[in-house]
Amino acid sequence: MSDSAIYLFGEQPRRYGFGVKLMFLYFMNVVDWFCTQVLIDSGYFHEANPIMSWIMQYPIVGFFIKCVLPLALSIIIWLLYKIFKLEQSRVTDFIIYSGVAIYSVVIVVHIINFLYLYTS
């Protein structure tokens, strides 16, 4: 059956595997952490999230919470996906793509803040 025929019957062809999507979401998380830490270290910005505000005062703790822990969780999720031979679904795609959309907005805000910081 051709890709167009599969698409007509309700299944969307998958261009990227679940692991690639999950790692891209993780990569965006790391970019968010890095940009946030650099902006906080500049002294002109602060963390907007009150819970993370305390954590980001300690770079090692922030790195662990924002980078190491999500990496471990992403690997566990990917392993469970592979072990139980789970299928990609529209729900998992929606969750991952929603996370990517949210991180995209956050990263755009970081870019605006960098422009403000370095052009003022």
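These legends walk through a few close-up views of the model shown above.

**Before you start.** This is a predicted model, in which local features need pLDDT of at least 70, side-chain atom pairs count only at pLDDT 80 or more, and totals for chains, interfaces and linings use all residues. Residues are numbered from 1 along each chain as its sequence is written, and side-chain values use heavy atoms, with hydrogens and water left out.

**View 1. The protein has 5 helices and 0 strands.** Starting at the N terminus, the order of elements is α-α-α-α-α. Helices (H or I, at least four residues) and strands (E, at least two) are DSSP runs, numbered from the N terminus. Of the 120 residues, 28% are buried, where buried means under 20% relative accessible area, exposed over 50%, and partly exposed in between (1.4 Å probe, protein chains only). Take contacts between residues at least 6 apart in sequence: 73% of them join residues at least 24 apart. A contact here means heavy atoms within 4.5 Å.

**View 2. V106 sits in helix α5, residues 90-119.** With a relative accessible area of 28%, V106 is partly exposed. Between V106 and V31 there are 9.9 Å in space, C-alpha to C-alpha, and 75 residues in sequence.

**View 3. The largest pocket holds about 270 Å³ of space.** Its lining has 15 residues, and those closest to the centre are T36, H46, E47, A48 and H110. Helices α2 (18-41) and α5 each supply at least two lining residues. Sorted by class, the lining has 8 nonpolar, 4 polar and 3 charged residues. Ala, Val, Leu, Ile, Met, Phe, Trp, Tyr, Cys and Pro count as nonpolar, Asp, Glu, Lys and Arg as charged, and the others, Gly among them, as polar. On a 1 Å grid over the protein atoms alone, a pocket is an open set of points where a 1.4 Å probe fits, with protein on both sides within 12 Å along at least five of seven lines; lining residues have an atom within 4 Å of a point. Grid points are joined across faces, edges and corners, and a volume is the space filled by probe spheres set on the points.

**View 4. The second largest pocket has a volume of about 180 Å³.** Look for its lining residues, including F18, L22, Y26, P70, I77 and I96. Two or more of the lining residues come from each of α2 and α4 (59-83), and α2 gives the most, with 5 residues. This lining has 8 nonpolar and 2 polar residues, with no charged ones.
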